[in-house]
Amino acid sequence: MSSVGSFFKGFFVPFQGFFWIFTSLPLFLLAAIPFWLAIVVAVYVIYFLWNESGALLQFFLTWMPGFASFIDLVKVGEFSLFAALYQGLFWIFLVLFTFYFSYLVLCILGAPFYSLIADRILVKKGVAPVFKNNFFRWLYTTLKMFIISCIKLVVFMTISAILFILSFWSFAVIFVPLLICLMMAYDCIDFSFECMNYSLSQRWRIFRVQWPFFLGLASIILFFSFIPGLFTISLPLFIAGGAEAIADMKNQGVV
């Protein structure tokens, strides 16, 4: 496969995943369960933060005395422009925090479900073995993916923090979003790597050789990220489509 063909194969991953998720009831349920769990957790966190917004304001006033004098400057009678601005900014913060927090919850709680999605697709494509004792395999896969997802989350958050700092320099502002999306692209495909028991050296070799595929996948992730929350909602599509792409490359002898 040419580099251009590999790039577009990665670019169309979520559309292939859409076919898998919405034409199979078991896969649809595996995708829906962690999504609703994340929504419930996010709503609870938003409710808690909104109720504590007054305490957070007092915290700011205590540790940043300059805010108190600023409030007096922007008062018009009994109307406080600062209070209105604070409520508006806090609402924007809640919305953005909800999307990001939901993604983190999905990465942890959804990992076992998403690994099962990848595993079932790989089995149907004939590139993963079928095990007789499905319950113990499910339990093993669940625990393994939960632990791995927690470790990867810490690593990715550390790298993301470094990239965020680098983004303040003009030379890096263009490349940082793409690098973050490239990490997310690898994470989506890593579910299939885990199900196929690939070693770290095998994963690195595939990533190095098939870099146009990962670049295409990172590009569509970046495109989805322009709409806040869209990538979080469509995460199962990327994992399912990624499993099919890896299975096709395995059948072609590419990986």
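Guide: A residue is called buried when its relative accessible area is under 20%, exposed when it is over 50%, and partly exposed in between. The structure discussed here is a predicted model.

Visitor: Is Glu244 buried or exposed?
Guide: The relative accessible area of Glu244 is 14%. The limit for a buried residue is under 20%. Glu244 is therefore buried.

Visitor: Which residue forms a salt bridge with Glu244?
Guide: The closest N and O atoms of this pair are 4.0 Å apart. Glu244 belongs to helix H13, whereas its partner stands in the loop between H7 and helix H8 (134-166), so the bridge ties together parts that are 119 residues apart in sequence.

Visitor: How far apart are the closest N and O atoms of the salt bridge between Asp248 and Lys125?
Guide: In the salt bridge between Asp248 and Lys125, the closest N and O atoms have a separation of 3.0 Å.

Visitor: How many residues apart in sequence are the parts that Asp248 and Lys9 tie together?
Guide: The side chains of these two residues meet in a salt bridge of 3.4 Å, N to O. Because Asp248 is in helix H13 and Lys9 is in helix H1, the parts joined by the pair are apart in sequence by 239 residues.

Visitor: Which residues are linked with Lys9 and Lys125 in a network of salt bridges?
Guide: A search of the whole structure finds five salt bridges. The residues linked with Lys9 and Lys125 in the network are Glu244 and Asp248.

Visitor: Within what arc do the buried residues of H2 fall, seen down its axis?
Guide: In helix H2 (residues 13-22), the buried residues are Val13, Pro14, Gly17, Trp20 and Ile21. They line one face of the helix, because the view down the axis places them within an arc of 110 degrees.

Visitor: Against which helices do the buried residues of H2 pack?
Guide: Val13 and Trp20 are among the buried residues of H2. The helices against which the buried residues pack are H1, H3 (25-51), H7 (111-124), H11 (211-224) and H13 (235-251).

Visitor: What is the angle between the planes of Phe7 and Phe11?
Guide: The structure holds 20 aromatic pairs. One of them is formed by Phe7 and Phe11, at 6.4 Å centre to centre, and it is stacked. Planes under 30 degrees apart count as stacked, and the angle between these planes is 20 degrees.

Visitor: By about how much of the helix are Phe7 and Phe11 separated?
Guide: Phe7 has a relative accessibility of 23% and is partly exposed; Phe11, at 24%, is also partly exposed. Because they are four residues apart in helix H1 (residues 3-11), their separation is about one helical turn.

Visitor: Is Phe214 buried or exposed?
Guide: Phe214 belongs to one aromatic cluster with Tyr186, Phe193, Tyr198, Trp204, Phe207 and Phe213. Its relative accessibility is 1%, so Phe214 counts as buried.

Terms used. Residues are numbered from 1 along each chain as its sequence is written. This is a predicted model: local features need pLDDT of at least 70, side-chain atom pairs count only at pLDDT 80 or more; totals for chains, interfaces and linings use all residues. Side-chain values use heavy atoms; hydrogens and water are left out. Rings of Phe, Tyr and Trp (its six-membered ring) pair if their centres lie within 6.5 Å; planes under 30 degrees apart count as stacked, over 60 as edge-to-face and the rest as tilted. Helices (H or I, at least four residues) and strands (E, at least two) are DSSP runs, numbered from the N terminus. Buried means under 20% relative accessible area, exposed over 50%, partly exposed in between (1.4 Å probe, protein chains only). The arc is that of the directions from the helix axis to the C-beta atoms. Contact means heavy atoms within 4.5 Å.
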